[in-house]
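This report walks a new reader through a few selected features of one protein model. Please keep the sequence and the structure in view while reading.

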Amino acid sequence: MCLTILGTMLLLRKLKQPYLIAYILAGIVLGPHMTGIFKNAEAIEAIGEVGILLFMFFIGMEINVPDSHSFLLQPIIAQSIKIILGLIFSFVVGYIVHLPIESVMLIAILFVFNSTPVVSDLLSMNGLLKTSLGLTILNMLIFQDVLFAPILTLLNIWKGEKVSTLNVSAILIAIAGCVAFFLMLKRVRGRRQLITPRFLKALERDHDMQVFTGLLICLGFGLMAEATGLSGALGSFIAGVYIGRVKAFGWLEHSIHPFKVFFVALFFVSIGLRLDIPYLLENYTFILLGTLLVFISNSLLSAIVFRILKFNWEQSWLGGALLSHTGEFGILALSVAYKMQLIEFTLYKAGLGITGLSLLLSTIWVYFLRSIIAKLGKKARLRYSL
């Protein structure tokens, strides 16, 4: 696996592509439909989810929570508008193709969720992570993580389960967790540094304790978030926001960064393992058209959202390109819906293919749209100067 990933990374490095694509390609090569070295994608995905927790932890450490209500409200408004537009678009598509209501709602879910690791990587590569557009997009992704647990609860109710006291209490606990999350953001807003507990100073020279303390904080917060009905990734992000402002944890990034790289790679390898290559080749026309439809519609809907938030057209189209794909939460929603028999096997396979292909081609789509935006902007400036 390491040899395959290294070879793919060297190739993509020459093409100036992010390494996340190398991990997916390695999963395809190592999967049951090519070399057959790995066959159990679920087991590798379970291990790889640790990488998502670590990834969100590092994002929380790096992000600057702005001292402005608008930057906290804008992502919520933007994501809410995107959900409404996605629902409308999904119902239009379902009406044209004559899809059942279950399939329409699942298509809407696919439009709602993006991949936080992919988008964050693209923001970093394009130098947008700390800009107003980058912060808005990143906070939209965090809000998506908040929404995922309630959506899974609704899928269980939709299956036909009765709304019991347990379900109601789970929803109330999830709401309480969301409130606690926003109160935490309000507390650290504008603060560059928090008070350092005394016992942590002893860790500054003990590297073994640094590694396990860092992993305990990251994974522990993820576990607590899942216990309240939220996603583990959101809990790790909260831990990162706090730890990033404690001076005594300056060593943490260097101590557990290799773990993040390895486990994130495993997660995206598992996505490559899930792709059914014979099915994709047999239905390549439908899969390619579906992926193109996802890219165009998601880019357009997201660009409209950013334009409503009064970003200029160039920024709006760039934001739309960054949020054009479907993410790993979409894969999880597809798996849950299929196991609950809410969707047929063909739609499940097609959804996995389109989601995997959109992740694989997301960077190419961003560069394609960005080059078009740059050319149009250059022509507009030239026309204005004349």
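## Serine 302 and its surroundings

Leaving aside neighbours within four places in sequence, serine 302 is in contact with Lys82, Gly320 and Leu323. The model in which these contacts are found is a predicted one. Serine 302 lies in helix H13, and with a relative accessible area of 1% serine 302 is buried, since buried means under 20% relative accessible area.

Lysine 310 is exposed, with a relative accessible area of 76%, and has a positive phi of about 70° although it is not a glycine.

| Pair | Residues | Axis separation | Angle |
|---|---|---|---|
| H9 and H10 | 207–227 and 232–243 | within 7 Å | roughly 135° |
| H5 and H15 | 101–112 and 328–339 | 9 Å | about 160° |

The axes of H9 and H10 cross at roughly 135°, which makes H9 oblique to H10, and H9 passes H10 in a right-handed crossing. On the H9 side the contact is made by Ile217, Cys218, Phe221, Gly222, Ala225 and Glu226, while H10 contributes Gly232, Gly235, Ser236, Ile238, Ala239 and Ile243. Sorted by class, the contact of H9 with H10 has seven nonpolar, four polar and one charged residues.

For the other pair, H5 and H15 pack at an angle of about 160°, which makes H5 roughly antiparallel to H15, and H5 likewise passes H15 in a right-handed crossing. Here Leu106, Ile109 and Leu110 in H5 meet Gly330, Ala333, Leu334 and Ala337 in H15. The residues of the contact of H5 with H15 divide into six nonpolar, one polar and no charged.

## The nonpolar core

In soluble globular proteins, nonpolar side chains tend to be buried together. In this model the largest nonpolar core has 98 residues, and those with the most contacts inside it are Tyr23, Phe57, Ile137, Phe268 and Leu322. Which residues does leucine 322 touch, not counting those up to four places away in sequence? With that exclusion, leucine 322 touches Val119, Leu122, Leu123, Leu128, Ile137 and Val366.

Note on methods: Residues numbered from 1 in each chain as written. Predicted model: local features only at pLDDT ≥ 70, side-chain atom pairs only at ≥ 80, totals over all residues. Heavy atoms only, no water. Axes fitted to C-alpha atoms, helices over the stretch in contact; angles between N-to-C directions. Helix = DSSP H or I, 4+ residues; strand = E, 2+ residues; numbered from the N terminus. Parallel < 35°, antiparallel > 145°, perpendicular 65-115°, else oblique. Left-handed = near helix turned anticlockwise from the far one by under 90°. Contact = heavy atoms within 4.5 Å. Nonpolar A, V, L, I, M, F, W, Y, C, P; charged D, E, K, R; others polar. Core = buried A, V, L, I, M, F, W, Y, C linked by side-chain atoms within 4.5 Å. Buried < 20%, exposed > 50% of the residue type's maximum accessible area, 1.4 Å probe, protein only.
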